[in-house]
Amino acid sequence: MQIKSIYDNTTFCKRKIFNCTVKRVKTQERQNAALYLYNKSNPMDMREIADSNLPFVFKENFLNLNSSPYSKFYVLKTEDTDEFISSAQVGRHFNLDSDKYLGSNTVIEELESNPEFVNPQLPLLSEIASDAYNDEDEYIFTSFGADEKPEMKKFSFSQTKFNNWIIPQRRYVNLIDKAEKQNQIEYLC
């Protein structure tokens, strides 16, 4: 019997979560892509983000040493050219103020996407929903306004009275299934 070390799966740099395909808007051509989770503490990840073509706000938040150490930074990019498809900064917050949203919830703090791709946020949102489901979070909120990203409605999000987006846990599975079918997601464990 061989016993694996608990450190075998530990990684201190970016981690590939899954492979998928995305379509280009103009040509409808499918391209292979991969979703990565970046580690803010790793100098190699910091250098890669600094030199990337990612949106300025995402880069600034990732490289800022004073920003939340608990945020997760996801990037979906093409496999062959490393072209940015979508990116997100995601955190978890504990809400004490509201009876309806009491407890831990996932919050999408930043979400950027490349308009050259069809539904570029969908694979990334499915991973966020999967993480929220595993963390038993009842809701996923956005910190940005509904008018900034009206396309969120396509992904089962609803507008709140505070003019941001929300999705309850009961819709997570539909979002994940939709992404797995449309983007042919292959998880890497």
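This is a short walk through one protein chain, from its overall build down to a few single residues.

Before anything else, the model is a predicted one.

I will start with the fold. The protein chain has four helices and nine strands. Going along the sequence, the order is β-β-α-α-β-β-β-α-β-β-β-α-β. The radius of gyration is 17 Å, close to the 16 Å that the globule rule gives for 189 residues, so the chain is as compact as a globular protein of that length. Along its principal axes, the C-alpha trace spans about 45 × 45 × 40 Å.

Next, some totals for the chain. Of the 189 residues, 47% are buried. If we take contacts between residues at least 6 apart in sequence, 58% of them join residues at least 24 apart. The accessible surface comes to about 11,000 Å², and carbon and sulfur atoms account for 50% of that surface. On charge, there are 23 positive and 28 negative charges, and their mean positions are 4 Å apart.

Now the cysteines. A disulfide is a covalent bond between the sulfur atoms of two cysteines. How many disulfides are there in this model? The count comes to zero. Cys 13 has a relative accessibility of 29%, so it counts as partly exposed. Cys 20 has a relative accessible area of 3%, which means it is buried.

Is Arg 24 buried or exposed? Its relative accessibility is 17%, and buried means under 20%, so Arg 24 counts as buried. Setting aside residues up to four places away in sequence, Arg 24 touches Glu 29, Gln 31, Glu 83, Glu 116, Phe 117 and Val 118. Take Glu 116 from that list. Arg 24 and Glu 116 are 92 residues apart along the chain, yet their C-alpha atoms are separated by 5.9 Å.

Next is helix 3, residues 122-134, which holds Asp 131. Ser 130 is in helix 3 as well. Asp 131 has 16% relative accessibility and therefore counts as buried. Not counting residues up to four places away in sequence, Asp 131 touches Lys 72 and Tyr 74. Ser 130 has a relative accessible area of 18%, so this serine is buried. From Ser 130 to Leu 111 is 19 residues in sequence and 17 Å in space, C-alpha to C-alpha.

What is the relative accessibility of Asp 137? The value is 0%, so Asp 137 counts as buried. Leaving aside neighbours within four places in sequence, Asp 137 is in contact with Arg 92, Ser 104, Asn 105, Thr 106, Ala 132, Gln 169 and Tyr 172. For one of these contacts, Gln 169, I also have a distance. Asp 137 and Gln 169 are 32 residues apart in sequence and 7.1 Å apart in space, C-alpha to C-alpha.

Further along is Arg 171, in the loop between strand 8, residues 164-168, and helix 4, residues 172-183. With 24% relative accessibility, Arg 171 counts as partly exposed. Apart from neighbours within four places in sequence, Arg 171 is in contact with Ser 156, Phe 157, Ser 158 and Ile 166. The C-alpha atoms of Arg 171 and Phe 155 are separated by 9.5 Å, and the two residues are 16 apart along the chain.

Last, a point on backbone angles. Most residues other than glycine have a negative phi. Which way does phi go at Asp 82, positive or negative? Asp 82 has a positive phi of about 55°, although it is not a glycine. Asp 82 is in the loop between strand 3, residues 72-78, and strand 4, residues 84-95. The relative accessible area of Asp 82 is 44%, so this residue is partly exposed. Gln 184 also has a positive phi, of about 45°, and is not a glycine. Gln 184 sits in the loop between helix 4 and strand 9, residues 186-187. At 42% relative accessibility, Gln 184 counts as partly exposed.

That is the end of the tour.

Methods. Residues are numbered from 1 along each chain as its sequence is written. This is a predicted model: local features need pLDDT of at least 70, side-chain atom pairs count only at pLDDT 80 or more; totals for chains, interfaces and linings use all residues. Side-chain values use heavy atoms; hydrogens and water are left out. Helices (H or I, at least four residues) and strands (E, at least two) are DSSP runs, numbered from the N terminus. The radius of gyration is taken over C-alpha atoms; the globule rule is 2.2 Å times the number of residues to the power 0.38. Buried means under 20% relative accessible area, exposed over 50%, partly exposed in between (1.4 Å probe, protein chains only). Contact means heavy atoms within 4.5 Å. Accessible areas come from the Shrake-Rupley method with a 1.4 Å probe; for residues, only the protein chains shown count as cover. Lys and Arg count as positive and Asp and Glu as negative; His and the chain ends are not counted. The place of a charge is taken as NZ of Lys, CZ of Arg, CG of Asp or CD of Glu. A disulfide is a pair of cysteine sulfur atoms within 2.5 Å.
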